[in-house]
Amino acid sequence: MKKFKKILSAVSAAVLCAMPLANGMAANAAGITKTYRVYFDVPANSGVASANYSMTYSKHMSEAFYDVGNLGGSVSSGGNGQGVNNICGCYYTANEALVNPGTLFTMKFYGDMSFEEAVIKYELTAKYSNGAEMSSNPITMDVVLVGDADGDGSITIDDAVSIIIYAANPSGYPLSNLRAADANGDGVVTEEDATMVQQYLAQIINHF
Ligand SMILES: [Ca+2]
Ligand SMILES: [Ca+2]
């Protein structure tokens with residue numbers, strides 16, 4: 001409890017520091033950059049051995065960044081920034097046909113529009129270990145607005161506070177969206193993520 005009070009007082013100090021800058025940011029709402037991270041997930045016993053993802057996305061978004069997920073394997077990507085609209089994609093390879101549920105890979109980009117406006121079209125295919133395409137694709141996409149820990153659709157100081165309180169007592173103060181709370185994308189929600197949200201609100205960084 002003592003630690004919790006200490007954290008809350010640190011949060012209050014941080015809120016006071018961040019408020020003027022956060023207000024300034026709201027005045028320039030048109031320039032706000034949103035960061036989206038997409039998790040490509042499979043359920044248990046999916047049998048996926050590899051996957052292809054390709055998409056056409058607005059030139060107003062950053063290039064896309066791909067990372068391997070918690071199931072291991074490897075990702076190779078390419079094609080960023082070609083043409084009038086950008087085309088990119090990745091090829092995911094599992095270490096062996098997947099049995100466990102989890103994330104194959106993630107894709108992240110940032111810009112000043114919604115995800116639906118940014119991604120013009122995409123294709124996603126999953127394959128068995130013999131290279132045959134799965135007729136029923138078991139891969140699902142979970143789109144996350146990074147930093148929006150409380151899931152209300154915008155990133156405010158409330159999100160940073162929620163993350164700090166959760167980090168101090170995860171079972172007592174659960175978060176509605178742990179993936180969004182994981183600002184730095186390292187797979188865990190800690191005070192480092194709250195710090196990153198505060199840096200974003202203070203415009204020290206303009207994306208995650
Ligand atoms: Ca929020
Ligand atoms: Ca994190």
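Colleague: What percentage of the 208 residues of the protein chain count as buried?

Modeller: This is a predicted model. A residue is buried if 20 or more other C-beta atoms lie within 10 Å of its own. Of the 208 residues of the protein chain, the share that counts as buried is 33%.

Colleague: How many helices and strands does the protein chain have, and in which order do the elements run?

Modeller: The protein chain has five helices and eight strands. Read from the N terminus on, the order is α-β-β-β-β-β-β-α-β-β-α-α-α.

Colleague: Among contacts between residues at least 6 apart in sequence, what percentage join residues at least 24 apart?

Modeller: Two residues are in contact if their C-beta atoms lie within 7 Å. Taking the contacts in the protein chain between residues at least 6 apart in sequence, those that join residues at least 24 apart make up 72%.

Colleague: Which strands stand at the edges of the open sheet of four strands, and why?

Modeller: The four strands of this open sheet are antiparallel and come in the order β3-β6-β1-β8. An edge strand here has a single partner strand, so one side of it is left without a neighbour in the sheet. From one strand to the next, the twist averages 20°. The strands at the edges are β3 (65–68) and β8 (140–145).

Colleague: Is Asn 45 buried or exposed?

Modeller: Asn 45 lies in the loop between β1 (34–42) and β2 (50–57). Most residues other than glycine have a negative phi. Asn 45 is not a glycine, yet its phi is positive, about 60°. Because Asn 45 has 12 C-beta neighbours inside 10 Å, it counts as exposed.

Colleague: How far apart are the end C-alpha atoms of helix α3?

Modeller: Residues 157–168 make up helix α3, and its buried residues include Ile 157, Val 161 and Ile 164. At 1.5 Å a residue, the 12 residues of α3 should span 16 Å. The distance between the end C-alpha atoms agrees with this: 17 Å.

Definitions and conventions:
Residues are numbered from 1 along each chain as its sequence is written. Chains are lettered from A and ligands numbered from 1 in the order in which they are written. This is a predicted model: local features need pLDDT of at least 70, side-chain atom pairs count only at pLDDT 80 or more; totals for chains, interfaces and linings use all residues. Helices (H or I, at least four residues) and strands (E, at least two) are DSSP runs, numbered from the N terminus. The expected span of a helix is 1.5 Å times one less than its number of residues. Two strands pair if DSSP finds at least two bridges between them. Axes are lines fitted to C-alpha atoms, for helices over the stretch in contact, and angles run from 0 to 180 degrees between N-to-C directions.
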